[in-house]
Amino acid sequence: MLVVTTPFLEGRRIVAYKGPVFAQVAEGAGFGRGLSAAFRAFASGRSSMHEDMIKQTREVAMQEIMEEARRLGANAIVGLTMDYETMGQDAILVFKGTGTAVVVE
């Protein structure tokens with residue numbers, strides 16, 4: 001599956017637009033995990049636990065958005081955007097992705 005952030009694929013012709021595709025993945029950090037990571041981040045300036053959680057959550061969102069595009073009969077996604085935010089006191093990480101499923105030659 002080809003996935004790009006641009007609205008087109010250089011050198012490829014889009015022959016069909018299958019529609020928008022979305023993914024939303026929520027991951028809870030948990031109080032204990034968040035507290036210990038905060039102490040490590042304070043000491044080193046980075047939190048590998050949080051970085052790993054963001055990476056894993058992003059990868060799950062990518063898999064979901066590609067699966068949705070395949071179900072629509074697409075072989076590519078154009079205009080991909082991804083973003084994340086935290087929600088609530090329990091620091092729930094929500095990763096969101098959108099794009100357009102297309103068929104390219």
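Modeller: Let us begin with Glu85, which is partly exposed at 32% relative accessibility. Buried means under 20% relative accessible area, exposed over 50%, and partly exposed in between, with a 1.4 Å probe and protein chains only. Please note that this is a predicted model: local features need pLDDT of at least 70, side-chain atom pairs count only at pLDDT 80 or more, and totals for chains, interfaces and linings use all residues. Residues are numbered from 1 along each chain as its sequence is written, and side-chain values use heavy atoms, with hydrogens and water left out.

Colleague: What does the side chain of Glu85 meet in a salt bridge?

Modeller: The side chain of Lys96, at 2.5 Å from N to O. A salt bridge here is a side-chain nitrogen of Lys or Arg within 4 Å of a carboxyl oxygen of Asp or Glu. The pair links distant parts of the chain, as Lys96 is in strand S4 and Glu85 in strand S3, eleven residues apart. Lys96 is partly exposed, with a relative accessible area of 30%.

Colleague: How many salt bridges does a search of the whole structure find?

Modeller: Two. One of them joins the side chains of Glu105 and Arg13, at 2.8 Å from N to O. Glu105 lies in the segment after S4 and Arg13 in the loop between S1 and S2, so this pair ties together parts that are 92 residues apart in sequence. Glu105 counts as exposed, at 52% relative accessibility.

Colleague: On to the sheet. What is the order of the strands?

Modeller: The order is S1-S3-S4-S2, in an open sheet of four strands with mixed pairing. Strands (E, at least two residues) and helices (H or I, at least four) are DSSP runs numbered from the N terminus, and two strands pair if DSSP finds at least two bridges between them.

Colleague: Which strands stand at the edges?

Modeller: Strand S1 (2-3) and strand S2 (14-28); each has a single partner strand, so one side of each is left without a neighbour in the sheet.

Colleague: And which strands run antiparallel, joined by ten bridges?

Modeller: Strand S3 (residues 76-87) and strand S4 (residues 92-104). Tyr84 stands opposite Phe95 in S4, and Thr86 opposite Leu93 in S4. By contrast, S1 and S3 run parallel and are joined by two bridges; Val3 stands opposite Ile77 in S3.

Colleague: Where does H2 lie?

Modeller: H2 lies across S1, S2, S3 and S4, running at about 145 degrees to S2. Such angles run from 0 to 180 degrees between N-to-C directions, with axes fitted to C-alpha atoms, for helices over the stretch in contact. Gly73, whose phi is positive, near 90 degrees, follows H2.

Colleague: Is Thr57 buried or exposed?

Modeller: Thr57 is buried, at 4% relative accessibility. Leaving aside neighbours within four places in sequence, Thr57 is in contact (heavy atoms within 4.5 Å) with Val25, Glu27, Leu93 and Phe95. Other buried residues in H2 include Met53, Ala61 and Ile65.

Colleague: Finally, what is the mean pLDDT of the protein?

Modeller: The mean is 84, and 80% of the residues reach 70 or more; pLDDT is the predictor's confidence in each residue, from 0 to 100. Where pLDDT is low, the predicted coordinates should not be read in detail.
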